[in-house]
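The sequence and structure come first.

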Amino acid sequence: MMMKKAVSFLMILIMLFTACTALADDSFNVNKDGYSTSYTYGYDYWRDVQESPDAYRVETVIDSVDLGLDVRMNKPQSLFARNNDLYVADTFNNRILQLEYRNGQAKLTRIIDHVAGGSPEHFNTPYDVYVDVDGNIYVADYGNLRVVMMDKDLNWIKEFTKPADATFDQSLDFLPKKITVDVAGRLYALVTNVNKGIVKYEADTTFTGFIGATPVNFSTFDYIWKKYFMTQEQRDASPSFVPTEYENMYMDKDGFIYATLTNFDEGALDAGQVNPIRRLNGLGNDILIANDRYPPIGDLWWQKGESSYFGPARLTDITVFDNDIYIVLDRIRGRLFGYDSQGIMLWAFGTRGNIEGAFTSPISLEHIGNDLFVLDQLENSITVFTPTEYGLKIYDAINKYQDGDYDESANVWTEVLRQNANYPMAFRGIGRTVLRQNKFEEAMEYFKMAHDRENYGRTFKLYRKEWIEKNALWIFLGVILLLIVPLILGRIKRMKWEVIMHEQSKIRRNAE
């Protein structure tokens, strides 16, 4: 009897253990690597937030102590990455820090605080740094009113200073805050108080104008009211109808400049009159693709209020992968948003705070490979994020699609769906893949599940064309039948009527 009870108790324990294991395996709220999914999310078709597995996790946080700095970083303003070297503009220490990042470890390589042969020799509040493929270093030397270029041994090469051209307001100081350089050595700079666009120089330091000025948005009512019904004093006190300054920029591998805006009216954003992210071609035209239902603006909903935590996302920096995936950083809530080349949100994560993975005042964003680096100007630290298995699968599916390996891309998207069944991008990705294979009806089903009306409509047209081509003979026969049958029936009816009339005529003649 005791033996039976013991066996029964053991069986119950085994069943409970099995059930618990099954529940754990079925849970998509926990990543396979055990990391929490507490602050990663996306948006569905109705703009509702959907929790998601983590696409990134914190690899490490780098601060002054880790780097062995005698003088603690002081409000650093910018990051730049070239290969495995990471450069930090330690702005209020008047220096650039060069780090080497490998295998999750950062090591201070050197401190760059002067330019040999330059005048002045030392930097003054350098806001940004750029390094070209030859190792030449450009520094946006804000306080010295110049962008200075030096070789990898810190020898002065040349400077870019205030243009003497009439198009540049000569009453303004030349205060460069952000810079980038193309393969031909042309320099592009964002300059404080200059709202005409990005200042452009040729490689020989010749100023060649402005590109990409932001469009001015105002209503006809505002214009008429300001022009005809306001006094001069009221007009002087009201906002001017002028372009706004860019916040930051990044040049991708193809030479296009991604630029972000933070100074815009919330109402204009709601009305779709503002694009916080722009992709500029050589003529300064915005060619950013936005094929999703909602444009790439960061968070899709927010609370209104006076606090700095309220309002829409203010995208303070942007970085772009070689596969055209771009990541933007919101300084309001300390969040990062990833988008593919079509402007479709891949993931969003991050928050404000002083714990690991949160930010107090994020100011700059960079990447090395798929790793992301976020600079916090108040914490004086750099948080390094590495993609999780889930995040890597998303990138893998996109890369395989771009490489033309459509079957494998669909397989990887299916694996993504196993981890996140509420991920519209996966349905869309599989739909695009099977569309490439001319499986229109199947593709329509995936686009329907992704609520992708645009691709569904395009695919439906292709499906309709294919269906007509396959059934052209039957359609032709049907049309013929529709035309001939009434004629035959009419003919039969007429013949029948003629027979009846003939018979009636015979009867009348016999009666006479």
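This is a predicted model, in which local features need pLDDT of at least 70, side-chain atom pairs count only at pLDDT 80 or more, and totals for chains, interfaces and linings use all residues. Residues are numbered from 1 along each chain as its sequence is written, and side-chain values use heavy atoms, with hydrogens and water left out.

Helices here are DSSP runs (H or I, at least four residues), numbered from the N terminus. Axes are lines fitted to C-alpha atoms over the stretch in contact, and angles run from 0 to 180 degrees between N-to-C directions.

| Helix | Partner | Angle | Axis separation |
|---|---|---|---|
| α6 (residues 389-402) | α7 (residues 406-419) | about 160° | 8 Å |
| α8 (residues 424-436) | α9 (residues 440-449) | about 165° | 8 Å |

The angle makes α8 roughly antiparallel to α9 (over 145 degrees). Helices α6 and α7 are therefore also roughly antiparallel to each other.

The crossing of α6 and α7 is left-handed, meaning that the near helix is turned anticlockwise from the far one by less than a right angle. For α8 and α9 the crossing is left-handed.

Contact means heavy atoms within 4.5 Å. On the α6 side, Y390, K393, I394, D396, A397, I398, K400 and Y401 meet α7 residues including W413, V416 and Q419. By class, this contact of α6 with α7 has nine nonpolar, two polar and five charged residues. In the other pair, F427, R428, I430, G431, R432, V434 and L435 of α8 meet F440, E442, A443, Y446, F447 and M449 of α9. The contact of α8 with α9 has nine nonpolar, one polar and three charged residues. Ala, Val, Leu, Ile, Met, Phe, Trp, Tyr, Cys and Pro count as nonpolar, Asp, Glu, Lys and Arg as charged, and the others, Gly among them, as polar.

Technical notes:
Helix = DSSP H or I, 4+ residues; strand = E, 2+ residues; numbered from the N terminus. Parallel < 35°, antiparallel > 145°, perpendicular 65-115°, else oblique.
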